[in-house]
Amino acid sequence: MKKRKPVTVAAETAPVIKQRSSKTKSLVLSAAIAAIYAVLTLLLAPISYGPVQLRVAEVMTVLPIFTSCAVPGLTVGCIVANLFGGFGLYDIIFGSLATLLGGLGTRALRKKPIIAVWPPVLSNAVIVGSMLYFVVPDSPALLWNIISVGLSQMLICVGLGIPFIWLLKKYPRLFLQ
């Protein structure tokens, strides 16, 4: 009787399993980022919305420096946060667009972290500041809204974002592993 060669399915399917595992990890990481962003924004709702806002969750806009999964995570988190607070459909559309563009800009500039913190500041200042001018009754001047949102974004994204980058680089197991 002829001996059969053992079939090793594991060796043939290992790349597929690893690829699926990687996609699953990416999806879970994006979902976790979205959830944390939304929860932080909603917990701090009194200071998270309006022409003068300190959306503390925006410190997370530095995460695209470390992973591309952060871009959809931040965008979905912003959509969820704006569904429950803010200025309705306008905020859902334009606020989330500003977050998406800021995240993409941060990801594109990831090799220069000091510069990479600026795209969310600029996109939110222009897009959200303009949106607030047109949506909020008795809104101050357009330029005032842009400057106000820009300064609050700068405080969070630069003032807290740069130390957050340093923390994640110094202790990568906090987030990256």
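Visitor: Why is Cys78 called buried?
Guide: Buried means under 20% relative accessible area, exposed over 50% and partly exposed in between, with a 1.4 Å probe and protein chains only. Cys78 has a relative accessible area of 1%, so Cys78 is buried. This is a predicted model, in which local features need pLDDT of at least 70 and side-chain atom pairs count only at pLDDT 80 or more, while totals for chains, interfaces and linings use all residues. Residues are numbered from 1 along each chain as its sequence is written, and side-chain values use heavy atoms, with hydrogens and water left out.

Visitor: What makes Cys69 buried or exposed?
Guide: The relative accessibility of Cys69 is 11%, and therefore Cys69 counts as buried.

Visitor: How many disulfides are there, and by what rule?
Guide: A disulfide is a pair of cysteine sulfur atoms within 2.5 Å. By this rule the count comes to zero.

Visitor: How many helices and strands does the protein have, and what counts as one?
Guide: Helices (H or I, at least four residues) and strands (E, at least two) are DSSP runs, numbered from the N terminus. The protein comes to seven helices and zero strands, and along the sequence the pattern reads α-α-α-α-α-α-α. Of the 177 residues in the protein, 41% are buried.

Visitor: What makes a set of residues a nonpolar core, and which members of the largest one touch the most others?
Guide: A nonpolar core is a set of buried Ala, Val, Leu, Ile, Met, Phe, Trp, Tyr and Cys residues joined through side-chain atoms within 4.5 Å. The largest has 23 residues, and Ile33, Tyr37, Met60 and Leu63 touch the most other members. At least two residues of this core come from each of α1 (9-43), α3 (70-84) and α7 (142-170). Helix α7 gives the most, with five residues. A second, separate core has seven residues, among them Ala98, Ile127, Val128 and Leu132.

Visitor: Which residues is Tyr37 in contact with, beyond its neighbours within four places in sequence?
Guide: Contact means heavy atoms within 4.5 Å. With those neighbours left aside, the partners of Tyr37 are Arg55, Ala57, Glu58, Met60, Leu74, Gly77, Cys78, Ala81 and Thr99. For the protein, among contacts with a separation of 6 or more, 65% are between residues 24 or more positions apart.

Visitor: How do the axes of α6 and α7 lie, and what is the hand of the crossing?
Guide: Two packed helices are described by the angle between their axes and the distance between the axes. Axes are lines fitted to C-alpha atoms, for helices over the stretch in contact, and angles run from 0 to 180 degrees between N-to-C directions. The axes of α6 (residues 118-135) and α7 come within 7 Å and cross at roughly 145°. A crossing is left-handed if the near helix is turned anticlockwise from the far one by less than a right angle, and right-handed if clockwise. The crossing of α6 and α7 is right-handed.

Visitor: Which classes of residue make up the contact of α6 with α7?
Guide: Ala, Val, Leu, Ile, Met, Phe, Trp, Tyr, Cys and Pro count as nonpolar, Asp, Glu, Lys and Arg as charged, and the others, Gly among them, as polar. The contact has 14 nonpolar, six polar and no charged residues. Residues of α6 including Trp118, Val121 and Leu132 meet residues of α7 including Leu142, Val149 and Met154.

Visitor: Why does Val117 count as buried?
Guide: Its relative accessibility is 2%, so Val117 falls in the buried class. Val117 lies in the loop between α5 (113-116) and α6. Leaving aside neighbours within four places in sequence, Val117 is in contact with Val62, Cys157, Val158, Ile162 and Ile165.

Visitor: What sets the phi of Asp138 apart, and is Asp138 buried or exposed?
Guide: Most residues other than glycine have a negative phi. Phi of Asp138 is near 55°, a positive value in a residue other than glycine. Asp138 is in the loop between α6 and α7, and because its relative accessible area is 82%, Asp138 is exposed.

Visitor: Why is Trp144 called partly exposed?
Guide: Trp144 has 45% relative accessibility and therefore counts as partly exposed. Trp144 lies in helix α7.
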